[in-house]
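Please keep the structure open as you read.

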Amino acid sequence: MVYHLLYPLHDVFSAFNVFRYITFRTIYATITAMAIVFLLGPWLIRKLQSLNISQPIRDDGPDSHQAKQGTPTMGGILIIFSVVTSTLLWANLTVEYVWFALLVTVGYGIIGFMDDYSKLVRKNSRGIPGKIRLAGEIAIALFVSTLLYLKPGFSSSITIPFFKTILPDLGWGYIILATFIIVGAANAVNLTDGLDGLATGPAIICFLTYLFFAYFAGNVKIANYLQIPYVAGTGELAVFCGAMAGAGLGFLWYNAYPAQVFMGDVGSLSLGGALGTLAVATKQEILLAVVGGIFVLETVSVIFQVGWFKISNGKRIFRMAPLHHHFELKGWAEPKVIVRFWIISGILALLAISTLKIR
């Protein structure tokens, strides 16, 4: 709204010309989202505590986690509110990609909210039935993926890292791939959200990485120089990414060990869904597996653990899955697991960015 209200005045007062720059608006979207979380965070925590909205702790989890009983949850509501508010303030709202990202963020947030609410009502760590939750996730992702596919000028080809000329066109099959990426990313972040700040830190790094991807893909000169697909309009997604990173940084202030509040499924599903949408919109679908490598490892650890348990009559690969619990049971202190996963996430992000030039 700031862009639409003030930029048209640049003919009268030249200083307003600054609002046309995506970089300027991205910086202030980041600051705005962070400020909202900082300002409303204490009030939300007190409100959640007064309503007795606390995180149910898994009975089969590490014993040390029982001390977290009573910690407020559903703090992801604040992330969504700050991101939506900041994006609406600073982005060019005539760009459809911005609305696609917001739709998935809010839609998955609603599914996460229902899941968190169900856990509170049932007084355990089981939320709404998995099939129902998955059906809702697929429906939203399928809708957005179809809109992207039908959007004039949007390519149904996928980008292969390291290869500038290999761009397989999947046709309508791209809708299926995009749906899988969005749903998979949402659930991968959700699985990772098991320690204080463990999902928040890598998510911030991922959004900052896709901030660059969005800006590069939306700038025809940079896209041609880097030999990556040019997607007109995706530059505005940098504003959305900035808002996400700012909201994440603000939330981390309260979510860092020992956490004062958890994001809950309302936060983790919306963050993951947004990441998947960004990967598809910027045509960096496969690189999401590198940028979000921590989320991939966590998901794979669960798949392998469950699969091996079934075919080996009760044997386990890890002491506990997801992977962060395995290291906890090996004796790593929770802060050590968290920080080391953050470090790995940062390294993976740098590797992903480097592939833009290695083609």
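## A ring cluster

Phe19, Phe24, Tyr28 and Trp90 are joined into a cluster by ring pairs. Rings of Phe, Tyr and Trp (its six-membered ring) pair if their centres lie within 6.5 Å; planes under 30 degrees apart count as stacked, over 60 as edge-to-face and the rest as tilted.

This is a predicted model, in which local features need pLDDT of at least 70 and side-chain atom pairs count only at pLDDT 80 or more, while totals for chains, interfaces and linings use all residues. Residues are numbered from 1 along each chain as its sequence is written, and side-chain values use heavy atoms, leaving out hydrogens and water.

The structure holds 15 aromatic pairs. One of them is Phe38 with Trp253, edge-to-face at 5.6 Å centre to centre and 85° between the planes. This pair links distant parts of the chain, with Phe38 in helix H2 (residues 22-50) and Trp253 in helix H9 (residues 237-255), 215 residues apart. Helices here are DSSP runs (H or I, at least four residues), numbered from the N terminus.

Tyr97 and Phe100 also pair edge-to-face, at 6.2 Å centre to centre and 85° between the planes. They are three residues apart in helix H4 (residues 96-122), so about one helical turn separates them. Tyr97 is buried at 3% relative accessibility, and Phe100 is buried at 10%; buried means under 20% relative accessible area (1.4 Å probe, protein chains only).

## Charges over rings

The charged end of Lys357 sits over the ring of Tyr225, 4.0 Å from its centre. Likewise, Arg340 has its charged end over the Trp332 ring, 4.6 Å from the ring centre. The criterion is NZ of Lys or CZ of Arg within 6 Å of the ring centre and within 35 degrees of the ring normal.

Technical notes: Helices (H or I, at least four residues) and strands (E, at least two) are DSSP runs, numbered from the N terminus. Buried means under 20% relative accessible area, exposed over 50%, partly exposed in between (1.4 Å probe, protein chains only).
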